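Please read the notes below with the model open beside them.

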Amino acid sequence: MHKKGCIFLISARKKLLKDCLKYLDQNYNNKFNYPIIIFYHGNIYDDEIFRNSIRTINLNTEYRFHKINSKLPSNIKEKDLFWNLDNPYARSFKGRLGYLHAITFKINFINYEQFNEFDYLMVIDDDSWFKGKIEIDLFEELDKKKGLFATAYTWQNNQRAQYTQYNLFNWTRNYIKKNNLKIRDKQLREALKGEINNDLFNSLNWSCGNCNIYKIEMFKSKDWKNFNNEFNKIAGGYRYRWGDCEIISLYAYIHLKPALINLDLRSKKLYEPQLPNSEIIVNKRIVLIEKIKTKLKLILKNSLLASVISLVLK
């Protein structure tokens, strides 16, 4: 039986969107024709000619466009935004407020009325690459595995994660303590007993975020509403660039069993997180310059410290 579901994304890259949706149709959705909702900021997709060009991908699929007007929440100022953190990756983000709006949207999307008619949701990115035929209905697969949350593949912390998970460990531990919760996942339970960002925490499997599947029931619970409220209280997306990969996965590890179903689409060569022509998200030159600055600051600091010690010992 066909599920009452939809596929959605938030997009700012017009050059990529059509290729993304063509591959999605060819390799998955032409079999199921789930409606596709494209959320966006500004006027990038106001053009009706472009919208109709998207609709020609499959005339049996409904493509909806929905403009959202994002603004900074009242509990955060511009000086507190992610790119003001003292690390090279953060500084390379300077001015990319649209991205921070987008990742915050991907954690708060359930609050949009556009989803009220659906029981199942799939979220993708505008450069998601459905590269091989997926014959199964991924919403059906979620039910077969008796879960509420699945992902195309999982990943573990890498070097970049140290820059985008600032304060996440402590925030999670404080949330557990404040709400007197019993963590359902053993690895997370043990990790939070240890030192900040220990090996157990760093080896948790996070959802990919660029192809996640949800049963909407997951977001109707008091647990989710409380968790989501705690996240928004500190504006974690804007302040630290915490993404749906970690935030929704942490919720699942705390509250759900099974927590996170890995569909392994990437290892099966059916899916990749980025199209071959995806734009570079981060300016590598800026990152390199910032790393050099950080290194020079450290050398200078150590040099000054050595001078002070030398003076004291004289």
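1. Basis. This is a predicted model, in which local features need pLDDT of at least 70 and side-chain atom pairs count only at pLDDT 80 or more, while totals for chains, interfaces and linings use all residues. Residues are numbered from 1 along each chain as its sequence is written, and side-chain values use heavy atoms, with hydrogens and water left out.

2. Strand β9. Helices (H or I, at least four residues) and strands (E, at least two) are DSSP runs, numbered from the N terminus. Strand β9 covers residues 211–215, and because 4 of its 5 residues are buried, the strand is largely enclosed by the rest of the structure. Buried means under 20% relative accessible area, exposed over 50%, and partly exposed in between (1.4 Å probe, protein chains only).

3. Partners of β9. Two strands count as paired if DSSP finds at least two bridges between them. Strand β4 (residues 120–124) runs antiparallel to β9 and is joined to it by 5 bridges; here isoleucine 124 has cysteine 211 as its bridge partner. Strand β6 (residues 149–151) also pairs with β9 in the antiparallel sense, over 3 bridges, and phenylalanine 149 stands opposite tyrosine 214.

4. A salt bridge is a side-chain nitrogen of Lys or Arg within 4 Å of a carboxyl oxygen of Asp or Glu. The whole structure has 20 of these salt bridges. Lysine 215 forms one with aspartate 143, with the closest N and O atoms 3.3 Å apart. Lysine 215 is in strand β9 and aspartate 143 in helix α5 (residues 138–144), so the pair ties together parts 72 residues apart in sequence. Aspartate 143 is partly exposed, at 23% relative accessible area. Salt bridges with shared partners join Lys3, Asp143, Lys215 and Glu217 into one network.

5. Arginine 64. Which residues does arginine 64 meet in salt bridges? One is glutamate 62, with closest N and O atoms 3.0 Å apart; another is glutamate 117, at 3.1 Å from N to O. Arginine 64 lies in strand β3 (residues 63–67) and glutamate 117 in the loop between α4 (97–108) and β4, so this pair ties together parts 53 residues apart in sequence. Arginine 64 is partly exposed, at 21% relative accessibility.

6. Surface patch. Ile292, Leu296 and Ile299 form a nonpolar surface patch with about 290 Å² of accessible area together. Patches take residues with over 30% relative accessible area and no salt bridge, joining like charges within 9 Å and nonpolar side chains (Val, Leu, Ile, Met, Phe, Trp, Tyr) within 5 Å; accessible areas come from the Shrake-Rupley method with a 1.4 Å probe, and for residues only the protein chains shown count as cover. Isoleucine 292 is in helix α13 (residues 284–313).
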